[in-house]
Amino acid sequence: MIDTLQQLGASGIKFFQRLGRANILLAHIIGGIPSMLPRLSLVVHQIYSVGVLSLLIILVSGLFVGMVLGLQGYNILVDFGSEETLGVMVSLSLVRELGPVVAALLFAGRAGSALTAEIGLMKATEQLSAMEMMAIDPIRRVLTPRFLAGFISMPLLAAIFSAVGVIGGQFVGVGLLGVDDGAYWSQMQASVDLYDDIYNGVIKSIVFGVVVTWIAVFEGYDAIPTSEGVSRATTRTVVHSSLVVLGLDFILTAIMF
Amino acid sequence: MNTRKTEVLVGLFIAAGLAALFMLAMKVSNLNIYSNEAGYEITANFENVSGLKVKSAVTMAGVRIGRVSDISFDPENFEAVVKIRIENKYNTLPKDTTASIYTAGLLGEKYIGLEAGGDEENLKDQDKLKLTQSSLVLEKLISRFVDSFIDKDKK
């Protein structure tokens with residue numbers, strides 16, 4: 001009985017210790033941003049590996065999510081004789097929810113895991129310690145550019161996801177199922193609000209970008225420096241960031257809409 | 001050379017992302033409808049505005065010429081006060097214009113339809129429309145319809 005309690009307490013303390021370390025790390029990373037500005041090429045290289053390399057998966061999934069929305073939405077709406085509102089359904093679900101959330105989940109799987117593995121391996125092979133020996137702050141040199149790159153890439157990826165999805169929905173709805181092209185766009189424009197829908201979607205994707213890269217960078221930096229530790233950290237990155245994205249999405253939606 | 005390639009690709013990526021945002025803003029949302037927010041405001045009192053929302057369309061002859069900018073309740077006359085913002089280029093509406101609340105389609109959105117009168121004077125900012133017709137409440141209509149049948153049966 002006491003043992004279970006002790007275990008519970010120990011895991012609780014461990015959790016809060018990790019949370020504290022994560023926050024201190026975030027403060028360090030953000031503190032490193034000003035010294036990053038004259039060396040933007042570091043960030044550019046990270047945007048390449050975090051953003052550009054995630055582009056393919058985002059484009060393909062965005063297209064197919066949009067096409068599925070078009071197909072499913074049409075089948076439901078046609079029962080009510082209101083298939084003209086297909087554009088509204090596709091665009092609102094993409095811009096408000098699916099764009100930021102699915103892009104963030106894919107981003108966590110594609111880019112977050114890679115970040116964690118990279119930083120964890122740097123730690124395991126003592127590259128980070130070597131940097132410290134050379135009086136280079138590894139947080140500023142390694143972590144800050146990766147964090148900034150995630151922060152910049154994620155909203156762009158989510159926007160691309162939504163835009164491609166809307167086009168995919170148009171392709172299925174208008175091209176294959178015969179919804180009127182003008183109605184598809186005009187109903188969409190009449191119902192989607194720039195501030196309520198698009199801005200809030202962008203804010204969501206920025207929050208997700210910060211959280212996912214934060215988790216990925218922290219897990220890598222905090223990993224046990226063995227091959228097993230790195231593999232565990234990578235798994236944790238994907239699991240935790242997916243859960244946090246879904247949970248935060250609910251909270252943000254409750255606040256915004 | 002390699003650095004140049006990554007930088008070009010990153011540039012392309014950022015441009016594509018911004019283009020996607022731009023497309024969402026221009027093509028998907030109502031930005032182009034909002035482009036000229038400026039206009040003059042008139043008010044109208046309605047007995048019932050159920051279903052009408054802020055930003056609902058205000059049309060004349062089926063063409064959208066403005067939007068509902070505010071809906072409030074007047075506790076003295078127990079009426080709804082609707083503020084309507086009409087675009088500046090439509091400044092020749094006669095003073096005795098009437099406003100009615102219509103429904104687009106059977107179950108569609110409510111909107112305000114304006115009908116021009118014959119007055120020589122034009123509506124100005126903060127003017128008030130005198131003749132209004134309320135929103136159609138489906139339950140009231142049905143109950144009236146049913147009542148008329150009951151009356152017939154009695155006779």
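**A close look, starting from one residue**

Modeller: Not counting residues up to four places away in sequence, A:Ile29 touches A:Ile139, A:Leu143, A:Thr144 and A:Phe147. Bear in mind that this is a predicted model. A:Ile29 sits in helix α1 (residues 2-31) of chain A. Is A:Ile29 buried or exposed? A:Ile29 is buried, because 23 other C-beta atoms lie within 10 Å, and the cut-off for buried is 20 or more. Back along the sequence, A:Gln17 is 12 residues from A:Ile29, and their C-alpha atoms are 18 Å apart.

Two of these partners lead on to another residue. A:Val217 touches A:Leu143 and A:Phe147, and its contacts also include A:Leu115, A:Ile119 and A:Arg146, again leaving out residues up to four places away in sequence.

A:Val217 brings us to the core. The largest nonpolar core has 68 residues, and A:Val217 is among those with the most contacts inside it. The most comes from α5(A), with 18 residues. Apart from this core lies another, of 19 residues, including B:Ala80, B:Ile84, B:Leu123 and B:Leu129. As a general point, nonpolar side chains in soluble globular proteins tend to be buried together.

Now the helix from the other chain. The 27 residues of α1(B) should span 39 Å at 1.5 Å a residue; the end C-alpha atoms are 37 Å apart, which agrees. Which residues of α1(B) are buried? They are B:Val10, B:Phe13, B:Gly17, B:Ala20, B:Leu21, B:Leu24 and B:Val28. Their cover includes α3 (40-50), α4 (55-77), α5 (86-124), α7 (138-176), α8 (181-191) and α9 (194-222) of chain A. Seen from α3(A), the buried residues are A:Val43, A:Gln46, A:Ile47, A:Tyr48 and A:Val50. These pack against α2 (33-36), α5 and α7 of chain A, together with α1 of chain B.

Next, the contact between the chains. It takes 25 residues from chain A and 19 residues from chain B. On the chain B side, α1 (2-28) and α2 (31-34) each supply at least two residues. The most comes from α1(B), with 15 residues. By type, the chain B side divides into 13 nonpolar, 4 polar and 2 charged residues.

Strands β2 (residues 57-60) and β3 (residues 63-74) of chain B pair antiparallel over 4 bridges. There, B:Ala57 stands opposite B:Arg67 of β3(B). Strands β5 (residues 98-103) and β6 (residues 110-115) of chain B are also antiparallel, over 6 bridges. B:Ile101 has B:Ile112 in β6(B) as its bridge partner. By contrast, β5(B) and β8(B) run parallel, joined by 2 bridges. B:Ser100 is paired with B:Gln133 in β8(B).

Key
Residues are numbered from 1 along each chain as its sequence is written. Chains are lettered from A and ligands numbered from 1 in the order in which they are written. This is a predicted model: local features need pLDDT of at least 70, side-chain atom pairs count only at pLDDT 80 or more; totals for chains, interfaces and linings use all residues. Two residues are in contact if their C-beta atoms, placed from the backbone, lie within 7 Å. Ala, Val, Leu, Ile, Met, Phe, Trp, Tyr, Cys and Pro count as nonpolar, Asp, Glu, Lys and Arg as charged, and the others, Gly among them, as polar. Two strands pair if DSSP finds at least two bridges between them. A residue is buried if 20 or more other C-beta atoms lie within 10 Å of its own, exposed if 12 or fewer, and partly exposed in between; C-beta atoms are placed from the backbone. The expected span of a helix is 1.5 Å times one less than its number of residues. A nonpolar core is a set of buried Ala, Val, Leu, Ile, Met, Phe, Trp, Tyr and Cys residues joined through C-beta atoms within 7 Å.
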